[in-house]
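Here are my notes on the model you sent. Please read them with the structure open.

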There are 2 protein chains.
Amino acid sequence: MVSISGILVDRIEANLKDEGLPPLSWYDVLLEVERAGPGGIRPFEIKERLLLPQYGTSRLLKRLADAGYVTTADCVADGRGQIVTITPAGRDIRAQMWPVYANALRTDVQEKLTGEEAEQLAALLGKLRPT
Amino acid sequence: MVSISGILVDRIEANLKDEGLPPLSWYDVLLEVERAGPGGIRPFEIKERLLLPQYGTSRLLKRLADAGYVTTADCVADGRGQIVTITPAGRDIRAQMWPVYANALRTDVQEKLTGEEAEQLAALLGKLRPT
DNA sequence: CCAATATAGATGCAAATGCATGTAAAATTT
DNA sequence: AAATTTTACATGCATTTGCATCTATATTGG
């Protein structure tokens, strides 16, 4: 990543790697799956919410499943689809990632921005997020 | 790219691709090389300014050279190093990329932010940029 | 009901990236 | 000035990404 605001993401990635934790994209997916609760979530929903390409979603989920962080089951309501649910290990690793995520933002960002500026930034970036 | 502000970058990338133009990273490097003027620039300087990994810089420059957008020559003052300069074709392609870049920002960003907000965002992101 | 089309997901192949390491030429140390 | 360390850049290998395409099920139109 180069240019503009990739800096934030790069910092978080670097910190996660230093801690021996998975990349940020895993966090995003795990969060969606965890939020979905026991009913699980369909891969295409993850794709839509995270704006990931279809093949990216497919492979990310494969890696998460291989790592034991999610499980996938055939969807009874739709023979084409799957239902993804989080495992205890998945919950656990996401919990470990969260403070690194937050700290990377707090440490690196607050070094250069005031609290008010950080809030403004968050708000502005939030507005950019496609609906 | 997922998360936070990668959205901006993704949009620009998508627009560049639609126009059949090279990726954003090429723009960044070309801009540095062009700015350096006839004296050229050393790869390690590009690496430092763009926060690219060393191997990434090396390969990016190779692709740019293969595409005919830059030329590399041995550095007389330092036997280890090189001097990179832009070619007319390089200047040209960067000029083609610029409006796409700018428009992607203007179109996608200004749809959701007021002019004032856009300026704030640029200022905040600028502050994050490591020196 | 059948044909055509759309949707969910997987995957082969090529290109890009990350990591570790290699080579060669400074710069520094003693 | 010889030995050591640092700096500049390249590259082999594994992982990841992008693109195109494939399979299978669902939906829609006649």
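This is a predicted model: local features need pLDDT of at least 70, side-chain atom pairs count only at pLDDT 80 or more; totals for chains, interfaces and linings use all residues.

1. Every distance below is computed from it.

2. Start with DNA strand C. It is surrounded by 18 residues. The closest are Lys17(A), Gln54(A), Ser58(A) and Arg59(A), together with Tyr55(B).

3. The side chain of Arg59(A) places an N or O atom 2.6 Å from a base oxygen of DNA strand C. For Arg80(A), the corresponding distance to a base oxygen is 2.8 Å. For Arg59(B), it is 3.2 Å.

4. Which elements build the surface near DNA strand C? Helices α3 (43-50) and α4 (54-66) of chain A and α4 (54-66) of chain B each give at least two residues. The largest share, four residues, comes from α4(A).

5. Eight of its residues are charged, five are polar and five are nonpolar.

6. Now turn to α6 of chain A, residues 115-128. This helix has 14 residues. From first C-alpha to last it reaches 20 Å, close to the 20 Å expected at 1.5 Å a residue.

7. Which residues of α6(A) are buried? They are Glu117(A), Leu121(A), Leu124(A), Leu125(A) and Leu128(A). These lie on the same side of α6(A), because they cover an arc of only 95° around the axis. The face turned away from that buried side carries the exposed residues Glu116(A), Glu119(A) and Ala122(A).

Key: Residues are numbered from 1 along each chain as its sequence is written. Chains are lettered from A and ligands numbered from 1 in the order in which they are written. Side-chain values use heavy atoms; hydrogens and water are left out. A residue is near a molecule or strand if one of its heavy atoms lies within 4 Å of it. A polar contact is a pair of N or O atoms within 3.5 Å; within protein, one must be able to donate a hydrogen and the other to accept it, and residues adjacent in sequence count only if both atoms are side-chain atoms. Ala, Val, Leu, Ile, Met, Phe, Trp, Tyr, Cys and Pro count as nonpolar, Asp, Glu, Lys and Arg as charged, and the others, Gly among them, as polar. The expected span of a helix is 1.5 Å times one less than its number of residues. Buried means under 20% relative accessible area, exposed over 50%, partly exposed in between (1.4 Å probe, protein chains only). The arc is that of the directions from the helix axis to the C-beta atoms.
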